[in-house]
Amino acid sequence: MLSPEDNELLTRVGPGTPGGALLRMYWHPISLSREINKESPTKFVRVLGEDLVIFKDKSDRFGLIADKCPHRNASLVYGRVEERGISCVYHGWLMDCDGNIIETPPERNDAIMKNVKTTAYPVQDYLGMIWAYMGPLPVPPMVNYDTLFRADGTRKWLIHNELHANWFQAMENSMDPAHLQVLHQEFIGRGKTAISSTRGFTDDVESFDFYITPYGGLMKHRVYVNGMEDAHPVLFPNILRQGASSQFRVPIDDTHTMHHRLFFYPTEDGSEPEDSFDPEITFEAPIKEDPTKSHPETKFILHSVNAQDQMAWETQGPIANRQSEHLSYSDRGVVLLRRHTKEQIERVQRGEDPIGYQRDPNHALIDTNVDEGVRQIVMSRTHLEGSSRAEIEAAGG
Ligand code: FES
Ligand SMILES: [Fe+2]
(Lines give C-alpha, C1' and ligand atoms only; values in the text may rest on other atoms or scores of the structure.)
(Ligands and ions follow the chains in the order given, each with its own letter.)
Protein backbone atom coordinates (compact mmCIF):
# COMPACT_ATOMS: atom_id res chain seq x y z
CA MET A 1 0.00 0.00 0.00
CA LEU A 2 1.16 3.48 -0.82
CA SER A 3 -0.18 6.80 0.42
CA PRO A 4 -2.08 8.90 -2.12
CA GLU A 5 0.67 11.52 -1.79
CA ASP A 6 3.44 9.08 -2.68
CA ASN A 7 1.35 7.66 -5.52
CA GLU A 8 1.06 11.17 -6.96
CA LEU A 9 4.79 11.74 -6.46
CA LEU A 10 5.78 8.60 -8.38
CA THR A 11 3.27 8.82 -11.21
CA ARG A 12 2.73 12.45 -12.24
CA VAL A 13 4.96 13.44 -15.16
CA GLY A 14 3.85 16.90 -16.26
CA PRO A 15 5.86 20.14 -16.07
CA GLY A 16 6.40 21.26 -12.50
CA THR A 17 5.76 17.85 -10.94
CA PRO A 18 8.56 16.24 -8.89
CA GLY A 19 8.30 12.96 -10.80
CA GLY A 20 8.32 14.86 -14.07
CA ALA A 21 11.46 16.71 -12.96
CA LEU A 22 13.23 13.38 -12.40
CA LEU A 23 12.24 12.03 -15.81
CA ARG A 24 13.37 15.25 -17.47
CA MET A 25 16.96 14.53 -16.40
CA TYR A 26 17.29 11.79 -19.04
CA TRP A 27 17.17 11.46 -22.84
CA HIS A 28 14.09 9.68 -24.20
CA PRO A 29 13.28 8.18 -27.64
CA ILE A 30 10.10 9.97 -28.71
CA SER A 31 9.53 9.14 -32.38
CA LEU A 32 10.92 7.22 -35.31
CA SER A 33 13.08 9.68 -37.26
CA ARG A 34 11.69 8.52 -40.60
CA GLU A 35 8.22 9.79 -39.67
CA ILE A 36 9.52 13.34 -40.11
CA ASN A 37 10.61 13.75 -43.71
CA LYS A 38 10.41 15.99 -46.78
CA GLU A 39 6.81 15.03 -47.56
CA SER A 40 5.70 15.28 -43.95
CA PRO A 41 8.16 17.55 -42.15
CA THR A 42 6.24 17.99 -38.88
CA LYS A 43 4.82 15.58 -36.33
CA PHE A 44 2.77 16.23 -33.21
CA VAL A 45 4.06 14.47 -30.10
CA ARG A 46 2.92 14.59 -26.51
CA VAL A 47 5.79 13.81 -24.16
CA LEU A 48 5.75 14.12 -20.36
CA GLY A 49 2.42 15.88 -20.62
CA GLU A 50 3.72 18.58 -23.00
CA ASP A 51 2.24 19.11 -26.47
CA LEU A 52 5.15 19.46 -28.88
CA VAL A 53 6.01 19.39 -32.56
CA ILE A 54 9.02 17.67 -34.07
CA PHE A 55 10.06 19.26 -37.36
CA LYS A 56 12.87 18.93 -39.85
CA ASP A 57 13.87 22.19 -41.48
CA LYS A 58 15.20 22.54 -45.00
CA SER A 59 18.74 22.57 -43.65
CA ASP A 60 18.01 19.02 -42.42
CA ARG A 61 18.02 19.99 -38.74
CA PHE A 62 15.49 18.47 -36.37
CA GLY A 63 13.72 20.69 -33.88
CA LEU A 64 11.32 20.00 -31.01
CA ILE A 65 9.21 22.97 -29.97
CA ALA A 66 5.90 23.76 -28.28
CA ASP A 67 2.92 22.92 -30.46
CA LYS A 68 1.29 26.25 -29.74
CA CYS A 69 2.70 29.24 -31.57
CA PRO A 70 3.88 31.94 -29.15
CA HIS A 71 1.94 34.57 -31.12
CA ARG A 72 -1.67 33.46 -30.68
CA ASN A 73 -1.49 29.71 -30.12
CA ALA A 74 -2.14 28.18 -33.55
CA SER A 75 -0.61 24.73 -33.95
CA LEU A 76 2.82 24.48 -35.50
CA VAL A 77 2.02 21.02 -36.88
CA TYR A 78 0.77 23.02 -39.88
CA GLY A 79 3.86 25.23 -39.99
CA ARG A 80 5.87 25.55 -43.19
CA VAL A 81 9.47 24.49 -42.78
CA GLU A 82 12.21 26.50 -44.40
CA GLU A 83 16.01 26.71 -44.24
CA ARG A 84 16.04 28.60 -40.95
CA GLY A 85 13.29 26.81 -39.05
CA ILE A 86 9.52 26.59 -39.05
CA SER A 87 7.06 29.32 -39.88
CA CYS A 88 3.58 29.41 -38.35
CA VAL A 89 0.97 29.29 -41.11
CA TYR A 90 -1.32 31.79 -39.35
CA HIS A 91 0.82 34.97 -39.42
CA GLY A 92 4.23 33.67 -40.39
CA TRP A 93 6.21 33.91 -37.17
CA LEU A 94 9.42 32.06 -37.91
CA MET A 95 11.13 30.01 -35.21
CA ASP A 96 14.47 28.22 -35.30
CA CYS A 97 15.34 24.89 -33.70
CA ASP A 98 16.36 26.65 -30.47
CA GLY A 99 13.00 28.39 -30.10
CA ASN A 100 14.22 31.86 -31.11
CA ILE A 101 11.74 34.05 -32.99
CA ILE A 102 13.64 35.19 -36.05
CA GLU A 103 10.89 36.83 -38.10
CA THR A 104 7.51 38.32 -37.24
CA PRO A 105 5.76 39.31 -40.45
CA PRO A 106 3.67 41.11 -41.52
CA GLU A 107 5.80 43.69 -39.72
CA ARG A 108 9.24 43.44 -38.22
CA ASN A 109 9.13 43.57 -34.42
CA ASP A 110 12.57 43.69 -32.82
CA ALA A 111 11.20 43.73 -29.27
CA ILE A 112 9.43 40.44 -29.76
CA MET A 113 12.38 38.87 -31.51
CA LYS A 114 14.62 39.90 -28.61
CA ASN A 115 12.33 39.04 -25.74
CA VAL A 116 10.09 36.18 -26.76
CA LYS A 117 11.21 32.57 -27.06
CA THR A 118 9.14 29.51 -27.51
CA THR A 119 9.76 26.28 -25.64
CA ALA A 120 12.38 24.24 -27.50
CA TYR A 121 14.23 21.12 -26.45
CA PRO A 122 17.46 19.56 -27.72
CA VAL A 123 17.06 16.48 -29.89
CA GLN A 124 19.35 13.89 -31.41
CA ASP A 125 18.70 11.64 -34.36
CA TYR A 126 20.22 8.33 -33.28
CA LEU A 127 19.47 4.68 -34.11
CA GLY A 128 16.56 5.74 -36.30
CA MET A 129 14.89 7.56 -33.40
CA ILE A 130 14.50 11.15 -32.34
CA TRP A 131 15.72 11.44 -28.75
CA ALA A 132 14.71 14.40 -26.62
CA TYR A 133 16.13 16.00 -23.50
CA MET A 134 13.58 18.15 -21.69
CA GLY A 135 15.44 18.96 -18.48
CA PRO A 136 17.55 21.77 -17.07
CA LEU A 137 20.84 22.96 -18.58
CA PRO A 138 23.53 21.90 -19.06
CA VAL A 139 22.36 19.26 -21.49
CA PRO A 140 23.86 15.93 -20.37
CA PRO A 141 25.16 13.31 -22.79
CA MET A 142 23.10 10.23 -23.48
CA VAL A 143 24.07 7.42 -21.15
CA ASN A 144 26.56 5.05 -22.82
CA TYR A 145 24.68 1.83 -22.28
CA ASP A 146 26.17 -1.11 -24.16
CA THR A 147 22.88 -1.87 -25.89
CA LEU A 148 22.83 1.65 -27.35
CA PHE A 149 26.48 2.21 -28.19
CA ARG A 150 28.34 -1.08 -28.75
CA ALA A 151 29.39 -1.45 -32.38
CA ASP A 152 29.85 -5.25 -32.39
CA GLY A 153 26.30 -6.26 -33.13
CA THR A 154 23.11 -5.56 -35.01
CA ARG A 155 20.00 -3.85 -33.72
CA LYS A 156 16.27 -3.95 -34.28
CA TRP A 157 13.41 -1.83 -32.96
CA LEU A 158 10.05 -3.31 -32.11
CA ILE A 159 7.49 -0.52 -31.72
CA HIS A 160 4.80 -1.64 -29.32
CA ASN A 161 1.21 -0.51 -29.10
CA GLU A 162 0.70 2.64 -27.08
CA LEU A 163 0.08 1.82 -23.45
CA HIS A 164 -3.07 3.34 -21.97
CA ALA A 165 -1.66 3.50 -18.47
CA ASN A 166 0.88 5.31 -16.36
CA TRP A 167 4.53 4.50 -17.09
CA PHE A 168 5.30 3.40 -13.54
CA GLN A 169 3.03 0.35 -13.78
CA ALA A 170 5.26 -1.02 -16.54
CA MET A 171 8.34 -0.32 -14.44
CA GLU A 172 6.88 -2.06 -11.38
CA ASN A 173 6.26 -5.07 -13.59
CA SER A 174 9.97 -5.02 -14.44
CA MET A 175 10.77 -5.60 -10.77
CA ASP A 176 8.11 -8.29 -10.34
CA PRO A 177 9.75 -11.68 -11.00
CA ALA A 178 6.84 -13.83 -9.79
CA HIS A 179 4.43 -12.94 -12.57
CA LEU A 180 6.57 -14.59 -15.27
CA GLN A 181 5.71 -18.13 -14.19
CA VAL A 182 1.99 -17.38 -13.84
CA LEU A 183 0.92 -14.71 -16.31
CA HIS A 184 3.17 -15.99 -19.11
CA GLN A 185 2.78 -19.73 -18.43
CA GLU A 186 1.58 -20.48 -21.97
CA PHE A 187 4.82 -19.10 -23.41
CA ILE A 188 7.45 -20.45 -21.03
CA GLY A 189 6.39 -24.06 -20.66
CA ARG A 190 9.25 -25.59 -22.64
CA GLY A 191 6.75 -27.95 -24.22
CA LYS A 192 5.20 -28.78 -20.85
CA THR A 193 1.82 -27.78 -19.48
CA ALA A 194 1.69 -26.38 -15.97
CA ILE A 195 0.37 -28.78 -13.32
CA SER A 196 -2.12 -26.10 -12.35
CA SER A 197 -3.04 -22.91 -14.12
CA THR A 198 -3.06 -21.18 -10.74
CA ARG A 199 0.55 -22.05 -9.91
CA GLY A 200 1.80 -21.97 -13.49
CA PHE A 201 5.52 -22.73 -13.33
CA THR A 202 6.05 -21.07 -9.95
CA ASP A 203 7.63 -24.24 -8.59
CA ASP A 204 10.43 -24.05 -11.18
CA VAL A 205 11.86 -21.08 -9.28
CA GLU A 206 14.02 -21.65 -6.23
CA SER A 207 14.36 -18.03 -5.17
CA PHE A 208 14.65 -14.46 -6.32
CA ASP A 209 16.32 -11.39 -4.97
CA PHE A 210 16.95 -7.75 -5.84
CA TYR A 211 19.91 -5.43 -5.67
CA ILE A 212 21.29 -2.17 -6.98
CA THR A 213 23.93 -2.44 -9.72
CA PRO A 214 27.14 -0.39 -9.75
CA TYR A 215 25.73 1.87 -12.50
CA GLY A 216 22.57 2.58 -10.55
CA GLY A 217 20.28 0.04 -12.13
CA LEU A 218 17.95 -2.11 -10.13
CA MET A 219 18.35 -5.83 -10.67
CA LYS A 220 15.86 -8.61 -10.31
CA HIS A 221 17.56 -11.98 -10.15
CA ARG A 222 15.97 -15.43 -10.28
CA VAL A 223 17.51 -18.78 -9.40
CA TYR A 224 15.72 -21.81 -10.81
CA VAL A 225 15.45 -25.26 -9.26
CA ASN A 226 17.43 -26.68 -12.21
CA GLY A 227 20.32 -24.32 -11.51
CA MET A 228 19.58 -21.78 -14.27
CA GLU A 229 19.61 -18.13 -13.34
CA ASP A 230 18.47 -14.94 -14.96
CA ALA A 231 19.02 -11.32 -14.06
CA HIS A 232 17.41 -8.31 -15.71
CA PRO A 233 18.30 -4.75 -14.77
CA VAL A 234 16.06 -1.72 -14.80
CA LEU A 235 18.27 0.98 -16.31
CA PHE A 236 16.99 3.82 -14.24
CA PRO A 237 14.48 5.28 -14.51
CA ASN A 238 12.45 3.83 -17.38
CA ILE A 239 14.28 1.10 -19.31
CA LEU A 240 14.11 -2.64 -18.69
CA ARG A 241 17.09 -4.50 -20.17
CA GLN A 242 15.85 -8.04 -20.49
CA GLY A 243 17.79 -10.51 -22.57
CA ALA A 244 18.75 -8.91 -25.86
CA SER A 245 16.12 -6.23 -25.56
CA SER A 246 15.88 -2.86 -23.86
CA GLN A 247 12.34 -1.71 -23.31
CA PHE A 248 11.88 2.04 -23.17
CA ARG A 249 8.72 3.26 -21.43
CA VAL A 250 8.37 6.93 -22.32
CA PRO A 251 5.48 8.79 -20.69
CA ILE A 252 3.19 10.57 -23.10
CA ASP A 253 1.23 11.97 -20.17
CA ASP A 254 0.09 10.66 -16.80
CA THR A 255 -2.08 7.92 -18.31
CA HIS A 256 -0.45 7.06 -21.64
CA THR A 257 2.99 5.68 -22.40
CA MET A 258 5.08 4.94 -25.50
CA HIS A 259 6.73 1.55 -25.47
CA HIS A 260 9.72 0.92 -27.73
CA ARG A 261 11.92 -2.18 -27.58
CA LEU A 262 15.48 -2.14 -28.92
CA PHE A 263 17.16 -5.50 -29.53
CA PHE A 264 20.94 -5.75 -29.64
CA TYR A 265 22.47 -8.94 -31.02
CA PRO A 266 26.24 -9.10 -30.49
CA THR A 267 28.23 -10.75 -33.26
CA GLU A 268 29.86 -14.01 -32.24
CA ASP A 269 33.32 -13.01 -33.48
CA GLY A 270 33.28 -9.43 -32.22
CA SER A 271 33.07 -7.99 -35.74
CA GLU A 272 31.36 -4.66 -36.26
CA PRO A 273 28.61 -4.82 -38.91
CA GLU A 274 28.13 -1.79 -41.14
CA ASP A 275 24.48 -1.50 -40.20
CA SER A 276 25.09 -1.76 -36.46
CA PHE A 277 23.61 1.70 -35.84
CA ASP A 278 20.89 1.45 -38.48
CA PRO A 279 18.30 -0.81 -36.85
CA GLU A 280 15.58 -2.62 -38.69
CA ILE A 281 12.20 -1.24 -37.59
CA THR A 282 9.28 -3.54 -36.86
CA PHE A 283 5.85 -3.02 -35.34
CA GLU A 284 3.84 -5.13 -32.93
CA ALA A 285 0.49 -6.41 -34.20
CA PRO A 286 -2.60 -4.95 -32.49
CA ILE A 287 -3.20 -6.52 -29.10
CA LYS A 288 -6.76 -5.33 -28.51
CA GLU A 289 -9.97 -5.92 -30.44
CA ASP A 290 -10.32 -2.13 -30.65
CA PRO A 291 -6.84 -0.67 -30.14
CA THR A 292 -8.20 2.85 -29.61
CA LYS A 293 -10.14 1.92 -26.48
CA SER A 294 -9.20 0.98 -22.94
CA HIS A 295 -10.46 -1.65 -20.54
CA PRO A 296 -13.37 -2.48 -20.22
CA GLU A 297 -14.56 -1.01 -23.54
CA THR A 298 -12.25 -3.33 -25.48
CA LYS A 299 -10.77 -6.76 -24.98
CA PHE A 300 -7.11 -7.76 -25.11
CA ILE A 301 -5.94 -10.47 -27.49
CA LEU A 302 -3.44 -12.34 -25.34
CA HIS A 303 -1.35 -13.73 -28.17
CA SER A 304 2.04 -12.78 -26.82
CA VAL A 305 4.01 -12.17 -23.68
CA ASN A 306 3.86 -8.44 -24.22
CA ALA A 307 0.10 -8.49 -24.79
CA GLN A 308 -0.30 -10.28 -21.46
CA ASP A 309 1.91 -7.73 -19.73
CA GLN A 310 0.09 -4.82 -21.30
CA MET A 311 -3.25 -6.29 -20.25
CA ALA A 312 -2.00 -6.42 -16.66
CA TRP A 313 -0.63 -2.86 -16.75
CA GLU A 314 -3.73 -1.32 -18.31
CA THR A 315 -6.33 -3.18 -16.27
CA GLN A 316 -4.63 -1.91 -13.09
CA GLY A 317 -6.20 1.39 -14.12
CA PRO A 318 -4.92 4.53 -15.88
CA ILE A 319 -3.04 5.25 -12.63
CA ALA A 320 -3.15 2.25 -10.30
CA ASN A 321 -4.82 2.86 -6.96
CA ARG A 322 -2.03 1.73 -4.68
CA GLN A 323 -4.10 2.28 -1.55
CA SER A 324 -6.27 -0.71 -2.38
CA GLU A 325 -3.41 -3.16 -3.02
CA HIS A 326 -2.13 -5.88 -0.67
CA LEU A 327 1.58 -6.34 -1.15
CA SER A 328 3.28 -9.60 -0.25
CA TYR A 329 6.75 -11.10 -0.06
CA SER A 330 7.12 -11.41 -3.83
CA ASP A 331 6.45 -7.67 -4.20
CA ARG A 332 9.62 -6.58 -2.45
CA GLY A 333 11.21 -5.62 -5.79
CA VAL A 334 8.26 -3.31 -6.38
CA VAL A 335 8.78 -1.80 -2.93
CA LEU A 336 12.49 -1.32 -3.65
CA LEU A 337 11.73 0.41 -6.95
CA ARG A 338 9.25 2.78 -5.29
CA ARG A 339 11.68 3.64 -2.50
CA HIS A 340 14.57 4.10 -4.91
CA THR A 341 12.54 6.27 -7.29
CA LYS A 342 11.29 8.44 -4.43
CA GLU A 343 14.88 8.91 -3.24
CA GLN A 344 15.94 10.00 -6.73
CA ILE A 345 13.03 12.45 -6.95
CA GLU A 346 14.19 13.94 -3.65
CA ARG A 347 17.75 14.21 -4.93
CA VAL A 348 16.55 16.21 -7.94
CA GLN A 349 14.48 18.40 -5.60
CA ARG A 350 17.69 19.15 -3.65
CA GLY A 351 19.51 20.05 -6.88
CA GLU A 352 21.60 16.85 -6.90
CA ASP A 353 22.12 14.50 -9.83
CA PRO A 354 19.90 11.40 -9.76
CA ILE A 355 21.36 7.96 -10.20
CA GLY A 356 22.22 6.96 -13.75
CA TYR A 357 22.59 10.60 -14.81
CA GLN A 358 25.87 11.33 -16.57
CA ARG A 359 27.65 14.67 -16.95
CA ASP A 360 30.85 13.56 -18.66
CA PRO A 361 30.35 13.16 -22.42
CA ASN A 362 33.32 10.79 -22.46
CA HIS A 363 32.11 8.50 -19.70
CA ALA A 364 32.97 4.85 -20.12
CA LEU A 365 30.64 2.41 -21.84
CA ILE A 366 28.25 0.93 -19.29
CA ASP A 367 28.22 -2.85 -19.37
CA THR A 368 24.74 -4.12 -18.52
CA ASN A 369 25.91 -7.67 -19.22
CA VAL A 370 23.86 -7.89 -22.39
CA ASP A 371 25.94 -10.88 -23.56
CA GLU A 372 24.72 -12.82 -20.56
CA GLY A 373 21.17 -11.78 -21.43
CA VAL A 374 21.60 -13.08 -24.97
CA ARG A 375 23.06 -16.37 -23.70
CA GLN A 376 20.00 -16.84 -21.50
CA ILE A 377 17.79 -16.44 -24.53
CA VAL A 378 19.76 -18.99 -26.51
CA MET A 379 19.46 -21.45 -23.62
CA SER A 380 15.74 -20.83 -23.37
CA ARG A 381 15.26 -21.03 -27.12
CA THR A 382 16.26 -24.67 -27.15
CA HIS A 383 13.30 -25.39 -24.88
CA LEU A 384 10.68 -23.13 -26.34
CA GLU A 385 9.57 -25.05 -29.38
CA GLY A 386 6.81 -23.55 -31.42
CA SER A 387 7.19 -20.04 -30.06
CA SER A 388 8.08 -17.12 -32.28
CA ARG A 389 11.42 -15.43 -31.81
CA ALA A 390 9.73 -12.35 -30.40
CA GLU A 391 7.87 -14.46 -27.84
CA ILE A 392 11.05 -16.21 -26.83
CA GLU A 393 12.87 -12.93 -26.53
CA ALA A 394 10.11 -11.47 -24.42
CA ALA A 395 9.59 -14.49 -22.24
CA GLY A 396 12.19 -13.67 -19.64
CA GLY A 397 10.56 -10.51 -18.32
S1 FES B 1 -0.58 32.38 -34.32
FE2 FES B 1 1.32 31.86 -35.16
S3 FES B 1 1.96 33.61 -36.20
FE4 FES B 1 0.04 34.17 -35.38
FE1 LIG C 1 5.86 -9.98 -18.09
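Guide: Let's start at tyrosine 329, which is exposed, with a relative accessible area of 64%. Exposed here means over 50% relative accessible area, buried means under 20%, and partly exposed is in between, with a 1.4 Å probe and protein chains only. Before going on: this is a predicted model, where local features need pLDDT of at least 70, side-chain atom pairs count only at pLDDT 80 or more, and totals for chains, interfaces and linings use all residues. Residues are numbered from 1 along each chain as its sequence is written, chains are lettered from A and ligands numbered from 1 in the order in which they are written, and side-chain values use heavy atoms, leaving out hydrogens and water.

Back to the tyrosine. Tyrosine 329 sits in the loop between helix H7 (305-315) and helix H8 (332-349); helices (H or I, at least four residues) and strands (E, at least two) are DSSP runs, numbered from the N terminus. In sequence, tyrosine 329 and serine 207 are 122 residues apart, yet in space their C-alpha atoms are 11 Å apart.

Now look at the helix before that loop. Eight of the 11 residues of H7 are buried, so this helix is largely enclosed by the rest of the structure. Among them are Val305, Ala307, Trp313 and Glu314. After H7 comes glycine 317, which has a positive phi, near 115°.

Next, the charged pairs. Side chains of opposite charge can pair when their charged atoms come close. Searching the whole structure turns up 21 salt bridges, each being a side-chain nitrogen of Lys or Arg within 4 Å of a carboxyl oxygen of Asp or Glu. Take arginine 24 and glutamate 50, whose side chains meet at 2.8 Å, N to O. Arginine 24 lies in the loop between helix H2 (18-23) and E1, and glutamate 50 in strand E3 (residues 50-56), so the pair ties together parts 26 residues apart in sequence. Arginine 24 is buried at 8% relative accessible area, and glutamate 50 is buried too at 11%. Lysine 43 also bridges to glutamate 35, at 2.5 Å, N to O, and there glutamate 35 is partly exposed at 33%. Then there's arginine 222 with aspartate 230, their closest N and O atoms 3.0 Å apart, and both of those residues are buried. Elsewhere, salt bridges with shared partners link Glu172, Arg322, Glu325 and Arg338 into one network.

Finally, let's step back to the domains. The assignment gives domain 1 (27-133) and domain 2 (146-394), with bounds from an automatic or database domain assignment. Their C-alpha centres lie 33 Å apart. Where they touch, 14 residues of domain 1 are in contact with 18 residues of domain 2, contact meaning heavy atoms within 4.5 Å. The two bury about 1,500 Å² between them, 72% of it on carbon and sulfur atoms; that is the accessible area (1.4 Å probe) that two parts lose on being put together, summed over both. There is one salt bridge between the domains, with aspartate 253 and arginine 46 meeting at 3.8 Å, N to O. On the domain 1 side, the elements giving two or more residues are strand E1 (27-32), strand E2 (42-47) and strand E11 (129-133). E1 gives the most, with four residues.
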